[in-house]
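Hi everyone, thanks for coming.

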Amino acid sequence: MKTDKNINQGPLDARAVIGFYHVDLQYKDQKALSNIHFNVDNGEFVCLTGPSGAGKSSILRLIAMDAFPTKGEVMVRGLMASKMNRAKVPQLRREIGFVFQDFRLLADRNVEDNLKFTQLVVGVSRGQIIKNVMRVLTQVGLYDKRHRMPHELSGGEQQRVAIARAMVNSPKILLADEPTGNLDPVTAQEIIDLLFRINDSGTCVFFSTHDHQIVKTFGQRVIVVNDGRIVLDVKRRAPVDRKASLADQMYRGTDPAQTKPTQVANVPIQESVHA
Ligand SMILES: Nc1ncnc2c1ncn2[C@@H]1O[C@H](COP(=O)(O)OP(=O)(O)O)[C@@H](O)[C@H]1O
Ligand SMILES: [Mg+2]
């Protein structure tokens, strides 16, 4: 793995929970990311958006250190990608929860056992496992359905179980890669509200979606990627009223002129916008 020789000249902020320093990512025959540069503070809610193929999943894979930069540096909770070795990966992964578009629950066991499994593999004690299951299933509103099999749940419920599973070991960062992609708009909103609640309790949430309509209603940080580059990074200082905005705007529809990708492409990166 190559590290940018200029690595010490720029602001790779050691206090950031996630830091990208001029990152390129090249798959075998495909350049996926170019010069990706941003910091995420502890407790932030970041929405990553852009069209399919823009590089969203690649950015999340770099955060999970499931991929490594071809150029530049990624730092997650003080661990540098360039200095990472196999022994340190489990340490990092314990601090990160994952949620995917396709839920990825284990189909052969019920809700409770899906959550227990995740804890058994990292060596949590039996007593603690029971407490954690109750805590996270209550948080996502599915404690009553803990004995159901995944196929006995709706898509939205399966995603809530997946979120509970991601949160069961109390990670510092929750990565959600298009978690609303397979859901209808109302269910999608419930999932986003749940992610906001998780963020309110202190977890840094990194959420991706290709749905620009969803993003426009966010009062939080929005990073827009296109063709492997960041074209917009808007950090709002004052949060908007999350509850009022989202469902409203999803159904009211929005001015198509405001959704043109060309409009965002000209906005300088790291611009701060007052909500
Ligand atoms: N494992 C891979 N090997 C080669 N190219 C890949 C791989 N994964 C993704 N890509 C390519 O990298 C680019 C970014 O992909 P991705 O990060 O999955 O975008 P998004 O999540 O925004 O749809 C795309 O051009 C995609 O085809
Ligand atoms: Mg993707």
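Let me start with a question: is the crossing of α3 and α5 left-handed or right-handed? The crossing is right-handed, where right-handed means that the near helix is turned clockwise from the far one by less than a right angle, and left-handed anticlockwise.

Before going on, a word on the source: this is a predicted model, local features need pLDDT of at least 70, side-chain atom pairs count only at pLDDT 80 or more, and totals for chains, interfaces and linings use all residues. Residues are numbered from 1 along each chain as its sequence is written, with chains lettered from A and ligands numbered from 1 in the order in which they are written.

Back to our pair. The axes of α3 and α5 (residues 155–167) come within 9 Å and cross at roughly 25°, so the two helices are roughly parallel (angles under 35 degrees). On the α3 side the contact (C-beta atoms, placed from the backbone, within 7 Å) uses Val111, Asn114, Leu115 and Thr118. On the α5 side we have Val161, Ala164 and Arg165. These residues divide into four nonpolar, two polar and one charged.

Now for the other partner. Helix α3 (residues 111–120) packs against α4 (residues 126–139) at about 125°, with the axes 10 Å apart. That makes α3 oblique to α4, and the crossing here is right-handed. Glu112, Leu115, Lys116 and Gln119 of α3 meet Ile129, Asn132, Val133 and Val136 of α4. This contact has four nonpolar, two polar and two charged residues.

Notes: Axes are lines fitted to C-alpha atoms, for helices over the stretch in contact, and angles run from 0 to 180 degrees between N-to-C directions. Helices (H or I, at least four residues) and strands (E, at least two) are DSSP runs, numbered from the N terminus. Angles under 35 degrees count as roughly parallel, over 145 as roughly antiparallel, 65 to 115 as roughly perpendicular and the rest as oblique. Two residues are in contact if their C-beta atoms, placed from the backbone, lie within 7 Å. Ala, Val, Leu, Ile, Met, Phe, Trp, Tyr, Cys and Pro count as nonpolar, Asp, Glu, Lys and Arg as charged, and the others, Gly among them, as polar.
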